[in-house]
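This report is written for someone meeting the structure for the first time.

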Amino acid sequence: MRKWLPLVAVCLGAFMLLVDVTIVTVALPQMARGLKASFSGLQWVLDIYALSLAALLLGAGALADLLGRRRVYVAGLVLFAAASLACGLAPNAATLIAARGLQGVGGAAMFTTTLALLGSTYHGRDRGVAFGVWGAVNGVAAAGGPILGGLLTEHVSWRAIFLVNLPVTAVTIALTLACVRETGRTPGARPDVAGLCSFTVCAGALTYGLIRAGGDGFGAAVPLLMFGLAAVALVVFVAVERSARRPLLDLALFRSPSFSAIMLGGALLMASAFACLAFTSVWLQAVLGLGPVKAGLAVVPMAATSFVVSAAGARVLHRVPPRLTIGIGLLLIGAGAGLQGVLSAGSTWTAITPGLIVGGVGVGMAIPSLSSAAMAAAPHERGGMAGGALNTARQLGYALGVAVLGVLMRARVEHVLTGHVPDPHGMAGAVGGGRAPHLPIVRSAAASGLDTVYAVSAGLGLAAGVIVLLLVRSPQPSAAPEPDREAVAA
């Protein structure tokens, strides 16, 4: 059993950092009341974490090559624990948002090294088992966060969703130091600081502009300024990466239709399947009056179904071309979102159950195949970069998905409320912030807004599935050696 302890250490870290992407969703209404947070503030509690992950994953990978992967993994765990403590003790929304950003920095250091550590520890059949378990943990963590969040929020406090990380992190650090060996360092590896900074500015400005547009309008000065800054930063990023000796991201990878389709598919998967959970949670609690535990249990069908499919189908799905498992999985995610978009003022939580089950099947099919497909679509020597780019795309897709869906939901709620309440703009913000008054028109507006969210999510999932099925091609068999540690970096 001792040989599997490194797998336990790596999966504990991966589980924590991925659970923290979605665990916040069911705690949003209590956070809003406890910290007097605005709707945009609540979005930042979700988005800043995903943005930090997305912006720093590739840079953290280069740093791990320079300093050693176990060392960077442990440093990420320490920072993640410290930031979790700060989140749990945060006296206001600004402090919580800043601490969530630091959590994302630690999470990036952890996430970028997990697969590389597994790849250097296990070989042959054991490596396949380790990667399969890691993939299953990813799916369960992403979908199961709301359940754990609901239990902790209702029975302890919303602060407990962060403080629970402390003992788990302590165990993970002890296991890592005792059982995981340090991997060799890459001579001459240096982080692409210019690329990292320009990418971070682009992603941050775009997300901030979208969130501000939800309250101020797209024609307001701040959103327009942020969109302009994002465009300039993107141009700088492309120029830097094209001229860099050791680029953060080799843009030549996107010449492959398969690689581009997988990156887009990974981003839209998170936007379609998981970004809407934040707004589902607000509807379940603020409108239907469910407690955090019942709200978490209401989305259990997605978590349970994705776990069963990813675990039970592991021996079968790996024989199917990734184009089919990912493409069909995305189509099911889109179909599941569409099935949820049938709400009305009288709907109960059971209305979303069929869609959650169908979406969970899609998540269980698609997520385990994404990493291997991304690395197979890139040259062997760029395998690690391809895996890191995929995880970046996934987290960025979630962050932008929350921002865009938030704008659309608020606009739809405000439109329905116009003419029925004195201040539709303020009431729309109250609905999004979990402080909706129990009025029939508010229930109707919230249901309509959530239907819009599901409709857009469905469109994203279906479009991504079609793109993957059309563009991704199975790699040709070759006599290339088994990927080394570089090729399995997260």
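A residue is called buried when its relative accessible area is under 20%, exposed when the area is over 50%, and partly exposed in between, using a 1.4 Å probe and counting protein chains only. In that sense, both F199 and F237 are buried. The model is a predicted one, in which local features need pLDDT of at least 70 and side-chain atom pairs count only at pLDDT 80 or more, while totals for chains, interfaces and linings use all residues. Residues are numbered from 1 along each chain as its sequence is written, and side-chain values use heavy atoms, with hydrogens and water left out.

**Aromatic pairs**

Rings of Phe, Tyr and Trp (for Trp, the six-membered ring) are paired if their centres lie within 6.5 Å, and a pair counts as stacked when the planes are under 30 degrees apart, as edge-to-face when they are over 60 degrees apart, and as tilted otherwise. By this rule there are 5 aromatic pairs. One of them is formed by W4 and Y122, which are stacked, with 5.2 Å from centre to centre and 20 degrees between the planes. This pair links distant parts of the chain, since W4 belongs to the segment before α1 (5-22) and Y122 to the loop between α5 (93-121) and α6 (124-155), 118 residues apart. Y122 is buried, its relative accessible area being 3%. The rings of F199 and F237 have centres 5.5 Å apart and planes at 50 degrees, and therefore this pair is tilted. Because F199 lies in helix α9 (residues 193-216) and F237 in helix α10 (residues 221-243), the pair ties together parts that are 38 residues apart in sequence.

**Helices**

Helices are DSSP runs (H or I, at least four residues), numbered from the N terminus. The buried residues of α10 are P223, M226, A230, A233, F237, V240 and E241. Among the buried residues of α16 are T325, I326, L330, I333 and Q340.

In helix α14 (residues 300-312) lies S306, which is buried with a relative accessible area of 2%. The side chain of S306 reaches the backbone oxygen of A303 at 2.9 Å.

**Separated in sequence**

The following table lists pairs of residues with their separation along the chain and the distance between their C-alpha atoms.

| Pair | Separation in sequence | C-alpha to C-alpha distance |
|---|---|---|
| G360 and S310 | 50 residues | 9.7 Å |
| F259 and L390 | 131 residues | 9.3 Å |
| V472 and S256 | 216 residues | 9.1 Å |

G360 lies in helix α17 (residues 353-376) and counts as buried at 0% relative accessibility. F259, found in helix α11 (residues 257-273), is also buried, with a relative accessible area of 0%. V472 has its place in the segment after α20 (440-471), and at 5% relative accessibility V472 counts as buried.

Conventions:
Helix = DSSP H or I, 4+ residues; strand = E, 2+ residues; numbered from the N terminus. Polar contact = N/O pair within 3.5 Å; in protein donor to acceptor, adjacent residues only side chain to side chain.
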